[in-house]
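Here are my notes on the model you sent over.

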Amino acid sequence: MVWNTLIPVSALAEHLADPAWSVIDCRFDLTDGEAGRRAYAMAHIPGAHYAHLEEDLSGPTTAHSGRHPLPDASAFMHWLARQGIGNASQVVAYDAGPGAIAARLWWLLRWLGHNAVAVLDGGFLAWQALGYPISRNRPLLRSADFQGRAGAMPTIDTDTLARERTRYRIIDARVVERFRGDVEPIDPVAGHVPGAYNRPFPDNLGSDGRFLDPHSLRAAWSELLPTGGAAGLVAMCGSGVTACHHVLALEHIGWPGMRLYPGSWSEWIRDPVRPVARGNAAADPLA
């Protein structure tokens with residue numbers, strides 16, 4: 001069986017010793033870039049390698065990019081191979097729990113055309129809660145061969161979105177206070193892209209920290225789905241990371257095609273000419 005969206009902790013536990021499976025710890029804190037690495041050193045799922053959001057899952061920032069641009073595809077494939085991930089590997093990504101950072105690794109692998117990748121539902125917290133083993137040992141790096149080609153997942157760039165944003169329903173995954181522009185703790189400009197809708201990524205989760213069941217997700221997302229389906233949606237956030245959570249949620253319920261805006265808000269505001277809105281979303285031309 002190939003796991004390609006979400007995987008329960010029980011299924012991972014059954015395959016923990018399977019050499020064809022690769023587990024990646026993606027824990028990261030935007031306010032403390034080393035917190036995830038420290039947490040990994042203290043305890044992680046046995047056999048898991050660590051992926052740092054800014055060193056491994058992002059490319060270098062530039063004067064025109066957002067805070068977490070996509071990595072160079074060749075460099076990222078080289079990193080995957082050094083973690084022992086090959087084209088036949090079943091990859092499982094996890095973070096502290098919500099899946100927001102793990103979804104970035106999931107999206108990147110799907111972007112390269114690798115289908116066998118899933119996010120651990122509930123993450124490390126769910127793993128611990130069920131009493132599964134943890135480790136402080138770092139696994140040995142083992143070489144593999146990974147060949148992919150970027151472009152297997154739909155994206156939209158800033159220039160295209162600026163020209164054609166009325167053609168899409170933009171879904172912003174940031175918390176409501178940042179979307180409205182009430183506060184902005186990270187980026188230099190507060191607000192959102194005019195016409196965007198706000199759905200914070202935790203809305204995809206239940207009170208237990210796991211993804212809502214497919215029926216509940218479909219009911220919630222059906223209110224946001226334009227006539228043309230998921231292909232008419234654009235996911236964005238502050239820097240293109242937590243937006244991947246929305247893409248994962250829709251893939252999980254069988255609604256593929258949502259475009260990721262990798263640059264997101266932190267790239268949109270690089271040019272002061274681009275419009276900025278505050279408050280609630282404006283009228284949607286696709287409604």
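1. Ground rules. This is a predicted model, so local features need pLDDT of at least 70, side-chain atom pairs count only at pLDDT 80 or more, and totals for chains, interfaces and linings use all residues. Residues are numbered from 1 along each chain as its sequence is written, and side-chain values use heavy atoms, with hydrogens and water left out.

2. Confidence. pLDDT is the predictor's confidence in each residue, from 0 to 100. The chain averages 95, and 98% of the residues score at least 70. The stretch to watch is 282–287, where pLDDT stays under 50. For those residues the model has 12 contacts (heavy atoms within 4.5 Å) beyond four places in sequence. Where pLDDT is low, the predicted coordinates should not be read in detail.

3. A quick word on terms: helices (H or I, at least four residues) and strands (E, at least two) are DSSP runs, numbered from the N terminus, and two strands pair if DSSP finds at least two bridges between them. This sheet is open, its strand order is 1-5-4-2-3, and the pairing is parallel. Strand 1 (6–7) and strand 3 (49–50) are at the edges with a single partner strand each, so one side of each has no neighbour in the sheet. Helix 4 (residues 102–111) packs on the sheet, where it touches strand 2, strand 4 (90–94) and strand 5 (117–120). The direction of helix 4 makes about 175° with that of strand 5; axes are lines fitted to C-alpha atoms, for helices over the stretch in contact, and angles run from 0 to 180 degrees between N-to-C directions.

4. Who pairs with whom here. Strand 1 and strand 5 are parallel, with two bridges, and I7 has L120 as its bridge partner in strand 5. Three bridges link strand 4 to strand 5, also parallel; there V92 stands opposite A118. Strand 2 (residues 21–25) runs parallel to strand 3 and is joined to it by two bridges, with I24 partnered by H49.

5. Strand 6 (residues 169–172) and strand 8 (residues 233–236) pair over four bridges, and I171 has A235 as its bridge partner in strand 8.

6. Salt bridges. There are 13 in the structure, counting a side-chain nitrogen of Lys or Arg within 4 Å of a carboxyl oxygen of Asp or Glu. Have a look at the network that links R67, D172, R174, R178, E184 and D187. Within it, R174 and E184 meet at 3.7 Å, N to O. R174 sits in the loop between strand 6 and helix 7 (176–180) and E184 in the loop between helix 7 and strand 7, so the pair ties together parts 10 residues apart in sequence. Both R174 and E184 are buried, meaning under 20% relative accessible area; exposed is over 50%, and partly exposed is in between (1.4 Å probe, protein chains only). For another setting, see R37 and E34, whose closest N and O atoms are 2.9 Å apart: R37 is partly exposed at 24%, and so is E34 at 34%.

7. D187. This residue lies in the loop between helix 7 and strand 7 and is buried, at 7% relative accessible area. D187 forms a salt bridge with R178 at 3.3 Å, and R178 is buried at 11%. The D187 side chain also makes a polar contact of 2.7 Å with that of R67. A polar contact is a pair of N or O atoms within 3.5 Å; within protein, one must be able to donate a hydrogen and the other to accept it, and residues adjacent in sequence count only if both atoms are side-chain atoms. The C-alpha atoms of D187 and S266 are 6.3 Å apart, although 79 residues separate them along the chain.

8. S239. You'll find S239 in the loop between strand 8 and helix 9, buried at 5%. Its side chain makes a polar contact of 2.7 Å with the side chain of H68. Beyond four places in sequence, the contacts of S239 include R67, R104 and S266.
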